Amino acid sequence: MATNSEVHAFPDSLVFARKLGGALGRPVERIALHHFPDWESGVRVRATPGAPAIVVRSLDDPNAKLVELLLAADALRRAGAGPLTLVAPYLAYMRQDRVFAPGEPISQRVVGALLGSAFDRVLTVEAHLHRIEKLEEVFPCRAASLPAAPALAQWLREHAAGALLVGPDEESEAWLRHVAAEAGLAFSIGRKRRRSDAEVELSLPALPAGVTRAVLVDDIASTGATLAAAARALRRTGVPAVEALVVHAVFAAGSLPALAEAGIARVVSTDTIPHPTNRIGVAALLAAALAGEEG
Ligand code: R5P
């Protein structure tokens with residue numbers, strides 16, 4: 001990473017950007033954001049000509065944020081900034097990676113093309129990639145998704161000794177295998193059927209004998225329906241203590257009380273999306289990738 005790089009943050013990404021800037025030893029510039037009466041967005045940047053720019057913003061609530069990122073990239077180029085890197089700790093629109101039903105778009109490709117043409121490099125954490133292996137298959141620029149497994153495993157080693165890890169569905173198996181190996185814990189995988197956004201059915205295989213504590217581990221929680229269904233299934237098998245650990249804490253309104261009602265005693269997340277459950281920081285992970293030029 002160039003020693004004259006500048007970190008640029010929107011008001012909503014300032015907290016994370018300060019952690020990243022601190023880890024990199026680089027200053028943070030605030031991107032001014034204005035909304036016109038029709039809710040059109042206006043941005044204004046302050047850039048040092050020639051300095052590479054690292055723009056920080058997670059793409060939860062993504063629609064306006066996407067447009068504002070494109071505007072910021074244009075403003076930075078016009079202000080003479082050097083190469084532009086987008087650090088999006090959470091990257092939205094990655095789940096629609098194929099046409100699941102006739103008439104649908106491939107949103108992942110649309111968003112990849114937009115961001116990849118505005119920025120020279122995109123870095124994120126644990127993007128939801130299932131039918132592609134690398135972000136660069138859909139981003140026309142350097143792009144990488146950093147694994148959250150080391151950060152999750154460290155938390156589990158420190159806070160969940162002896163727990164059984166539970167992944168909610170087959171899609172989580174390969175990923176959870178890494179987390180479990182790094183944490184030195186056993187894991188089981190459930191079978192999930194989603195009926196609608198908020199309706200999930202989930203069954204578990206026979207669990208090892210004598211499990212007294214289980215930690216549900218998932219890459220993202222949106223409605224919380226997956227975690228709630230998994231917790232109910234665990235409680236039915238007689239596991240007395242159930243917790244949840246997720247990377248991206250979307251957590252729609254009302255989902256946390258529903259999780260408590262389903263028997264989840266504690267919910268922990270990384271800080272890719274600001275949320276009261278954030279306990280695990282990923283800024284150091286991103287800073288190391290930027291400093292080492294990975295991805
Ligand atoms: C699915 O593939 C993901 O890993 C999550 O399990 C899912 O997105 C969680 O969504 P929700 O919280 O709405 O059940």
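Two strands count as paired here if DSSP finds at least two bridges between them. Keep that in mind, because this talk is about strands. One more point: the model is predicted.

Start with strand E1, residues 6–9, and strand E5, residues 53–56. They run parallel, and 4 bridges join them. One example: alanine 9 has valine 56 in E5 as its bridge partner.

Now step back to the sheet around them. It is open, with 6 strands. The order reads E2-E1-E5-E6-E7-E8, and the pairing is parallel. Which strands stand at the edges? Strand E2, 28–30, and strand E8, 142–146. Each has a single partner strand, so one side of each has no neighbour in the sheet. From one strand to the next, the twist averages 20°.

A helix packs on this sheet: H2, residues 62–78. H2 touches E1, E5 and strand E6, which spans 84–88. The directions of H2 and E6 make an angle of about 155°.

On to another sheet. This one is open, with 6 strands in the order E10-E9-E13-E14-E15-E16. The pairing is parallel. At its edges stand strand E10, 187–189, and strand E16, 278–280. Each has a single partner strand, so one side of each is left without a neighbour in the sheet. Neighbouring strands here are turned by 35° against each other on average, direction ignored.

E16 pairs with strand E15, residues 264–270, in the parallel sense over 2 bridges. Serine 269 stands opposite asparagine 278 in E16.

Which helix packs on this sheet? H6, residues 225–236. H6 touches strands E9, E13, E14 and E15. Its direction makes about 165° with that of E13.

Definitions and conventions
Residues numbered from 1 in each chain as written. Predicted model: local features only at pLDDT ≥ 70, side-chain atom pairs only at ≥ 80, totals over all residues. Heavy atoms only, no water. Axes fitted to C-alpha atoms, helices over the stretch in contact; angles between N-to-C directions. Contact = heavy atoms within 4.5 Å.
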